[in-house]
Amino acid sequence: MAKVKKGMSIEEVRRVWRPLAEAKTKAIIDKYYAQRPYSGGREGLGIYGQFQERAAREKVRLAVRLLRQAGLHVALTTISRVTGQSRSTISNYWAPPREPVVPPPAPRVDE
């Protein structure tokens, strides 16, 4: 399997991301099927949704990690281009880094 290297394009990162994301999603959903004591019902659907959310969150985290490894700017747009997920889904699971707060300059005191 290919690895992400500095200088790769978003499309190249996507080609690396896709099989990793599919394997991670399969592992998460397999855990759901392994632990469910019964089949179906309203509770079963709710629990399945939680596992789907976990898979979506892990896909976003994986994309962020791979984009950083490639040296690309990590933003909602670039994550969306890699994952194909909507911006609202991505914003649920990833918060952009905050800009450092720069204090205003101290007032000058003329002597």
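Predicted model: local features only at pLDDT ≥ 70, side-chain atom pairs only at ≥ 80, totals over all residues.

Visitor: How many aromatic pairs does the structure hold?

Guide: There are four aromatic pairs in the structure. One of them joins Tyr 33 and Tyr 48, a tilted pair with 6.4 Å centre to centre and 50° between the planes. Tyr 33 belongs to helix H1 and Tyr 48 to helix H2, so this pair ties together parts that are 15 residues apart in sequence.

Visitor: Why are a distance and an angle both quoted?

Guide: A pair of aromatic rings is described by the distance of the centres and the angle of the planes. As for accessibility, Tyr 33 is partly exposed, at 43% relative accessible area, and Tyr 48 is partly exposed, at 24%.

Visitor: Which residue lies over the face of Phe 51?

Guide: Arg 54 does, at 4.7 Å from the ring centre.

Visitor: How many salt bridges does a search of the whole structure find?

Guide: The search finds two. In one, Lys 26 meets Asp 30, with the closest N and O atoms 2.9 Å apart. Both residues lie in helix H1 (residues 10–35), four residues apart, about one turn of the helix. Glu 58 and Arg 61 also form a salt bridge, at 3.1 Å from N to O. These two lie in helix H2 (residues 41–70), three residues apart, about one turn of the helix.

Visitor: Is Lys 26 buried or exposed?

Guide: Its relative accessibility is 54%, so Lys 26 counts as exposed. Asp 30, at 37%, counts as partly exposed.

Key:
Residues numbered from 1 in each chain as written. Heavy atoms only, no water. Salt bridge = Lys/Arg side-chain N within 4 Å of Asp/Glu carboxyl O. Buried < 20%, exposed > 50% of the residue type's maximum accessible area, 1.4 Å probe, protein only. Phe/Tyr/Trp six-rings, centres within 6.5 Å; stacked < 30°, edge-to-face > 60°. Lys NZ or Arg CZ within 6 Å of the ring centre and 35° of its normal.
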